[in-house]
Structures are given as C-alpha cells and as structure tokens.
Amino acid sequence: MIAVAVAALVLAQSPACEAPHGYESLVVASQVRAGDLFRVSFGGRYALRLEPIEFGWTIGVEQRGREENLARLTPPWHFVPNPRSIEGWHFRNASNTGPNDGSVNAPQERRDFIFSPEVGLSLDYDGSGTSPAVVGDVRRFGRGVLTVTDYTLTPIAEGERASFEEMSFTVCLVWRTADAM
C-alpha cells in the first residue's frame, strides 16, 4: 500500500520563485518517506506528484481528468538520468561507499523540469526528432525546480545501489495563467 504524503507547507509567493507577467508561481516545502506518494494541487487544475519508484521518486505533473504526465518531455532523454528521476544512488559514488564524488553522472540536489497541458495532445516525444521548438513550447507554459534540501539514504553497502529512506525538498512551480494563453 502506498501512503500519500500530505504534510506540505505551501508558500504563495517567494522572491526565489517569482512569476513574470501572465504567469503564476507557487513554492511548496515538504518531506516524503520511501514508498510514499506526494501530491499537491496547484493552479486549479494541476497537481505535482512524486511517484515512488525502486530507489526514490519520479516527478510528474498531472491535469485533472487526464492520465498524461505533463512533465515527460523534460530533457535529456538519453545517456544520463533524467532530472525527473530522483534516486538515492545519484547521491553516492559508483561503488556505493560514500558521497557522489563525480563517479556517478547524475543530477544532484537541483532538479529542473518543464510541463505543459499540450503534452500528449499537440506536443509529443518523437525520439531524436523531438525538436528544440517542441521543448521550448513546453517550457513556455510551465517549469519547476525541485531542490532536495535534506535526505537519508539506505546504509552504505558496497556494490549495491542506494535508495532513499526519506527526503525533504522545496519546489518552485511557474505556469501560464489561463487568460495568458
């Protein structure tokens, strides 16, 4: 059974998360434990989700009434972990004997992502043919920055992959208002 983390401090405005004209912003601070689903609504029809996966969580944005992950066009799509996947082994070295010393090529505390309600409708992934224009269209609608502020990983075990036991984070979300579309 997956528990839903509901304790979140929602800050309406923050100087570090300002929205330009025609956009709204929201800052959320919370904590999750391994296996927990985190969900917070924003903008009247969207929700930010941290979905539990084997070693941590994946960032998703949903729109009420749709199954589509509106953040799935966040690059890069190949060669290194996508910033939407936040996994414990990203924070340890390749042998899992200490902190990541650069031997693991993975995003760290800052996770930038983009989202749009047009993902899966007029905007979609087309492999290596996905154009910078498509990514730009997604980015123009919405973006977020999740910052891992504190975490506890599973104990060091050489040769294994670390998982999160818990993670504290803040998220800055910026999206276009309906009247600016």
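Which residues are linked in a network of salt bridges? R39, R49, E51 and E62 are, where a salt bridge is a side-chain nitrogen of Lys or Arg within 4 Å of a carboxyl oxygen of Asp or Glu. This is a predicted model, in which local features need pLDDT of at least 70 and side-chain atom pairs count only at pLDDT 80 or more, while totals for chains, interfaces and linings use all residues. Residues are numbered from 1 along each chain as its sequence is written, and side-chain values use heavy atoms, with hydrogens and water left out. Helices (H or I, at least four residues) and strands (E, at least two) are DSSP runs, numbered from the N terminus.

**Disulfide**

- The count comes to 1 disulfide, a disulfide being a pair of cysteine sulfur atoms within 2.5 Å.
- C17 and C172 form this disulfide, with their sulfur atoms 2.0 Å apart.
- C17 lies in the loop between β2 (8-11) and β3 (23-33) and C172 in strand β10 (residues 164-176), so the pair ties together parts that are 155 residues apart in sequence.
- The link of C17 and C172 is right-handed, with 85° about the S-S bond.
- C17 and C172 are both buried; buried means under 20% relative accessible area, exposed over 50%, and partly exposed in between (1.4 Å probe, protein chains only).

**Salt bridges**

- The count of salt bridges comes to 7.
- One of them joins R49 and E62, whose closest N and O atoms are 3.3 Å apart.
- R49 in strand β5 (residues 46-53) and E62 in strand β6 are 13 residues apart, and the pair links distant parts of the chain.
- Both R49 and E62 are buried.
- D112 forms a salt bridge with R110, the closest N and O atoms being 2.8 Å apart.
- D112 is partly exposed because its relative accessibility is 36%, whereas R110 has a relative accessible area of 52% and so is exposed.
- R140 pairs with D137 in a salt bridge, with the closest N and O atoms 2.4 Å apart.
- R140 and D137 both lie in helix α1 (residues 132-141), 3 residues apart, about one turn of the helix.
- R140 is partly exposed at a relative accessible area of 45%, and D137 is partly exposed at 33%.

**Backbone features**

- P75 and P76 are joined by a cis peptide bond, with omega about 0°.
- P76 is placed in the loop between β6 (56-63) and β7 (85-87).
- N96 is not a glycine, yet N96 has a positive phi of about 60°.
- N96 is found in the loop between β7 and β8 (110-115), and N96 counts as buried because its relative accessibility is 2%.

**Largest pocket**

- A pocket is found on a 1 Å grid over the protein atoms alone, as an open set of points where a 1.4 Å probe fits, with protein on both sides within 12 Å along at least five of seven lines; lining residues have an atom within 4 Å of a point.
- The largest pocket holds about 190 Å³ of space, where grid points are joined across faces, edges and corners and a volume is the space filled by probe spheres set on the points.
- The largest pocket is lined by 16 residues, and those closest to its centre are D112, F113, R143, G144 and V145.
- β8, β9 (142-153) and β10 each supply at least two residues of the lining, and β8 gives the most, with 4 residues.
- The lining divides into 9 nonpolar, 2 polar and 5 charged residues; Ala, Val, Leu, Ile, Met, Phe, Trp, Tyr, Cys and Pro count as nonpolar, Asp, Glu, Lys and Arg as charged, and the others, Gly among them, as polar.
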